[in-house]
Amino acid sequence: MNRLGRCLTPVYLTIVVLLIAFPILYAYVGAFRPAAALSGGLQGLLPTSFTLHNFGRALSRAPLFLQLGNSAIVTVAQTVLQLLTSVFAAYALTFGKLRFAKIIFGVFLVSMMIPGETTIIANYLTIRSIGLYDTLVAVFLPFGASAVTIFLLRQSFASFPAEIHEAAVLDGVGPMTFLWKFLLPLSRPTIAAAVITSAIAAWNGYLWPLLITDSPDKRTVQAGISQMADSVGPDIGALLAGSTLVSIPMIILVIIGQSALTRGLTEGASK
Amino acid sequence: MTSSRLSTSLTPKRERSPRLGGTRRKRGVTMWASALLVPALAFFIVFDYYPLGRVIALSFQSTDLFGRPSGFIGVRNYVDMFTSPEFLGTLGTTFAFAAGSVVLKLLCGLAIALPLSTSRRAVWLARPVVLIPMAVSVAVAGLVFKAIFQPGFGIADQLLAGIGLPSPGWLTNPNFALVSVIIVDTWVGIGFTVLILLAALAGVPQEVREAAAIDGAGAFRTGVSVVIPLISTSILFLVIYHTVGALREFTVINVLTQGGPANSTRTLVIDIWNLAFGSSGGNFGDASARAIVLLVIVGVVSFIQFRVSNRKVHY
């Protein structure tokens, strides 16, 4: 029984992996198959002939390359802005010796309890009234600060040895020099984790970009592709081609980031 | 700005203390620290706290045809909402979606993570399981499943027809669409679930499993009665995390069904979206009242998390 179990577990797990990978494999193979073959069941996926027509039809409905660029701009801007405001806030809270540090940290944490879906109505009205509707700035501006990132960074900063900080201050190291030269380099694993989670969240943003942009050339790619899907209707080939195109940058990022992430994790573990 | 003025004006005693060198530095500390807090505070006030207040205010107002607030009407939006059978249906759908998606994610997560953690030969399979769903954006995942679920000529219906089964009408049958949406949401969340469970399982000592095996417990029995209780903290975290996530889910449902067919997948967030921004939108008063209900429900779940995580969960 036990030996049987040991043989069956890898088989079972391989089936599980295939099931989980199936939608993506289907999308990647189907994107290159002629439209007629796609309605022919599994044998329609056999790679007998390839075509790029699906991509042409997808791109004729939405400027996906431009929208990929928009998403890249939004992702970088949102991640950098979040990281800056969070590093500053976490640093002030841990090393600033502020009397109100706990109250302000509480203000940050309580904001996590306010769902973004609750405040969209008011934020939509705010963005409209300051004339930023249908701009890329409007897509990332409301996410300029992140309570989760502040929380993570504060925990990492708090574990910094107090003696080193005191020694640096006695040697006349200014607060900003201490932040850039001592604290940040030693918090690299946490910063890397914060960057990756912020960037993934920014890239995946859907509800807000869909609401706050309107013209196709201002859409991020997530909002843009769902509109493309609405306009192509039941054209499976175009749907799969668009999905393939849009998913590639993130797949590359995760493959690259995965090694950086595991390195960061093992570094943290060996300390 | 306010915070910097506040904190400096509240430290005069230290400034007058006899150790002059130390006091100057301390005053400097409070100054720059307060300044560094300003950007983050400003963002939270402008885009979290102020809009919260504005939505609360809007929820007590009626809205005219142009989407402008037209006078306070007390709790009428709330009374209308809770006496409307459609809204009660929406609440039911919201809870059904959340419960279904949390249960399915955890069952699948455990069914994948438990054998992965025991089989040394299969451990490399963990990577694709975790990374594939995490690398694909929710909108793209929804679209691919929309293609898979196309009625008649989509691959899901074709495979069923191949083995002689009728199509359940994945996204077109009002009695089945919610199940399809839950399946897709589970696929989207399975990577994170397995990642957290594997991390927790790595902390379970090998001796515990061996002791259970010596006592005659099979692999399944060891997993259910010995290992799962030991990782109950992580399981509880996942339950809360996924519950809040499901209550707030928009992307999966918007891409796949937009709340249809026959409102069978219309959750609270979809309802808010339709009322405020849908084709007949601009009804900010009613949408705001629902937004406050969402706030309260998410708040209650978070409060439960706070209470429970302060208690010792296992042994």
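How many helices and how many strands does the secondary structure of chain A come to? Chain A has 14 helices and zero strands, where helices (H or I, at least four residues) and strands (E, at least two) are DSSP runs, numbered from the N terminus. This is a predicted model, in which local features need pLDDT of at least 70 and side-chain atom pairs count only at pLDDT 80 or more, while totals for chains, interfaces and linings use all residues. Residues are numbered from 1 along each chain as its sequence is written, and chains are lettered from A and ligands numbered from 1 in the order in which they are written.

**Figure 1. Chain A, overall form.** Along the sequence, chain A reads α-α-α-α-α-α-α-α-α-α-α-α-α-α. Its C-alpha atoms fill a box of roughly 75 × 65 × 30 Å along the principal axes. The radius of gyration of chain A is 24 Å, whereas a compact globule of 271 residues would have one near 18 Å; the radius is taken over C-alpha atoms, and the globule rule is 2.2 Å times the number of residues to the power 0.38. Of the 271 residues of chain A, 43% count as buried. A residue is buried if 20 or more other C-beta atoms lie within 10 Å of its own, exposed if 12 or fewer, and partly exposed in between, with C-beta atoms placed from the backbone. Among contacts in chain A between residues at least 6 apart in sequence, 77% join residues at least 24 apart; a contact here is a pair of residues whose C-beta atoms, placed from the backbone, lie within 7 Å.

**Figure 2. Domains of the two chains.** Domain bounds come from an automatic or database domain assignment. In chain A, domain 1 covers 1-61 + 233-271 and domain 2 covers 66-220. The C-alpha centres of these two domains of chain A are 32 Å apart. In chain B, domain 1 covers 2-55 and domain 2 covers 84-309. For chain B, the C-alpha centres of domain 1 and domain 2 are 43 Å apart.

**Figure 3. Helices H9 and H13 of chain A.** Helix H9 (residues 162-170) of chain A lies largely in the open, because the number of buried residues among its nine is zero. A:Gly172, which follows H9(A), has a positive phi near 85 degrees. Helix H13 (residues 221-232) of chain A has nine of its twelve residues buried, so it is largely enclosed by the rest of the structure. Among the buried residues of H13(A) are A:Val221, A:Ile225, A:Met228 and A:Val232. The end C-alpha atoms of H13(A) are 16 Å apart, which agrees with the 16 Å that its twelve residues should span at 1.5 Å a residue; the expected span is 1.5 Å times one less than the number of residues. After H13(A) comes A:Gly233, with a positive phi near 65 degrees.

**Figure 4. The contact between chains A and B.** Chain B gives 74 residues to the contact and chain A gives 67 residues. On the side of chain B that touches chain A, the largest share, 20 residues, comes from helix H3 (residues 20-59) of chain B. The residues on that side of chain B divide into 55 nonpolar, 13 polar and six charged. Here Ala, Val, Leu, Ile, Met, Phe, Trp, Tyr, Cys and Pro count as nonpolar, Asp, Glu, Lys and Arg as charged, and the others, Gly among them, as polar. The predictor gives the complex an ipTM of 0.89 and a pTM of 0.88.

**Figure 5. Chain B and its confidence.** Chain B comes to 15 helices and two strands, and 42% of its 315 residues count as buried. The average pLDDT of chain B is 85, with 89% of the residues scoring at least 70; pLDDT is the predictor's confidence in each residue, from 0 to 100. Among the elements of chain B, helix H1 (residues 2-9) has the lowest mean pLDDT (39) and helix H13 (residues 251-256) the highest (96). Over residues 1-24 of chain B the pLDDT is below 50, and beyond near neighbours in sequence this stretch has 24 contacts in the model. Where pLDDT is low, the predicted coordinates should not be read in detail.

**Figure 6. The loop between H13 and H14 of chain B.** B:Pro261 lies in the loop between H13 and helix H14 (268-277) of chain B. The peptide bond from B:Gly260 to B:Pro261 is cis, with omega near -15 degrees. B:Ala262, in the loop between H13 and H14 of chain B, is not a glycine but has a positive phi of about 55 degrees. B:Ala262 counts as exposed because it has 11 C-beta neighbours inside 10 Å. B:Asn263 also lies in the loop between H13 and H14 of chain B, and has a positive phi of about 60 degrees although it is not a glycine. With 17 C-beta neighbours inside 10 Å, B:Asn263 counts as partly exposed. Most residues other than glycine have a negative phi, and most peptide bonds are trans.

Definitions and conventions:
Contact = placed C-beta atoms within 7 Å.
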